[in-house]
Amino acid sequence: MRVEIDQSGRIEQLDTSTIVGYANGHSDAVEIQVNTKRKLKQQLSSRLYPNKDLPAVIFAVCIFILISKNLKITAIEIDEEYSGKEEIIMETINKLLKSTKHPTYITIRFRRIGKNSPAHYLVWNIHRGKRNSKYRRLSLKEILGWFWRK
């Protein structure tokens, strides 16, 4: 199954929540609240990653959390949210998939998703509070747990 992944409310915007979701027949989304993003930036920027790469890495962790539960996903198309950071995003997702011994190979591509995409429609409407879709709020502990995995 191929899905498109989009985000509404960029990770580095510390005044609004971030919604990352996928859609293509099936859909799922996660939210990072403002206070969680601020704490992530505070705890991770000084230790692990340069500030310029941190949003892309957190975005990749969110994508991994989304796709890791659905074993039917074999290909993902990610919106070009972070131009020039595609390699970092791909590398992070692949490392996390290997650390969990994910049984399927996932093809990762980057392209402009556009406003007509079901993924864009999903995350935009959740972000604006117009859709009662089920989505999960990610905790600081859950996100940080993936940074400390070997």
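Okay, before the sheet itself, one definition: two strands count as paired if DSSP finds at least two bridges between them. Keep that in mind while you look at the structure, which is a predicted model.

So, what is the strand order of the open sheet? There are six strands, and they go β5-β4-β1-β2-β3-β6, with mixed pairing. At the edges sit β5, residues 107-111, and β6, residues 136-137, and each of these pairs on one side only.

You can find Ile-78 sitting opposite Phe-110 in β5.

Next along is β1. β1 and β4 are parallel too, over four bridges, and there Glu-4 faces Glu-77 in β4. On to β2, and now we get an antiparallel pair: β1 and β2 share five bridges.

Ala-23 has Ser-27 in β3 as its bridge partner. These two strands form a hairpin with one residue between them, and Gly-25 has a positive phi near 90° there.

Are β1 and β2 mostly buried or exposed? For β1, six of the seven residues are buried, so the strand is largely enclosed by the rest of the structure. β2 gives six buried residues out of seven, so that strand is largely enclosed as well.

Helix α4, residues 118-127, touches β1 (2-8), β2 (18-24) and β3 (26-32). The direction of α4 makes about 145° with that of β2.

Okay, helices. I'd like to stay with α2, residues 54-68. Leu-54 belongs to this helix, and at 3% relative accessibility it counts as buried, because the cut-off is under 20%.

Which helix does α2 cross at roughly 100°? That's α5, residues 140-147, and the two axes come within 10 Å. With that angle falling between 65 and 115 degrees, α2 and α5 are therefore roughly perpendicular to each other. On the α2 side, the contact uses Val-57, Ile-58, Val-61, Phe-64 and Ile-65, and on the α5 side Glu-142, Ile-143, Trp-146 and Phe-147. By class, that's eight nonpolar residues, no polar ones and one charged.

Now compare α3, residues 86-99. The axes of α2 and α3 come within 9 Å and cross at roughly 40°, and these helices are therefore oblique to each other. The crossing of α2 and α3 is right-handed. From α2 we have Ala-56, Val-57, Phe-59, Ala-60, Val-61, Ile-63, Phe-64 and Ile-67, meeting Ile-88, Ile-89, Thr-92, Ile-93, Leu-96 and Leu-97 of α3. Sorted by class, the residues of this contact are 13 nonpolar, one polar and no charged.

To recap, then: an open sheet of six strands with mixed pairing, α4 packed on that sheet, and α2 crossing α5 at roughly 100° and α3 at roughly 40°. Thanks, that's me done!

Terms used:
Residues numbered from 1 in each chain as written. Predicted model: local features only at pLDDT ≥ 70, side-chain atom pairs only at ≥ 80, totals over all residues. Heavy atoms only, no water. Axes fitted to C-alpha atoms, helices over the stretch in contact; angles between N-to-C directions. Parallel < 35°, antiparallel > 145°, perpendicular 65-115°, else oblique. Contact = heavy atoms within 4.5 Å. Nonpolar A, V, L, I, M, F, W, Y, C, P; charged D, E, K, R; others polar. Left-handed = near helix turned anticlockwise from the far one by under 90°. Buried < 20%, exposed > 50% of the residue type's maximum accessible area, 1.4 Å probe, protein only.
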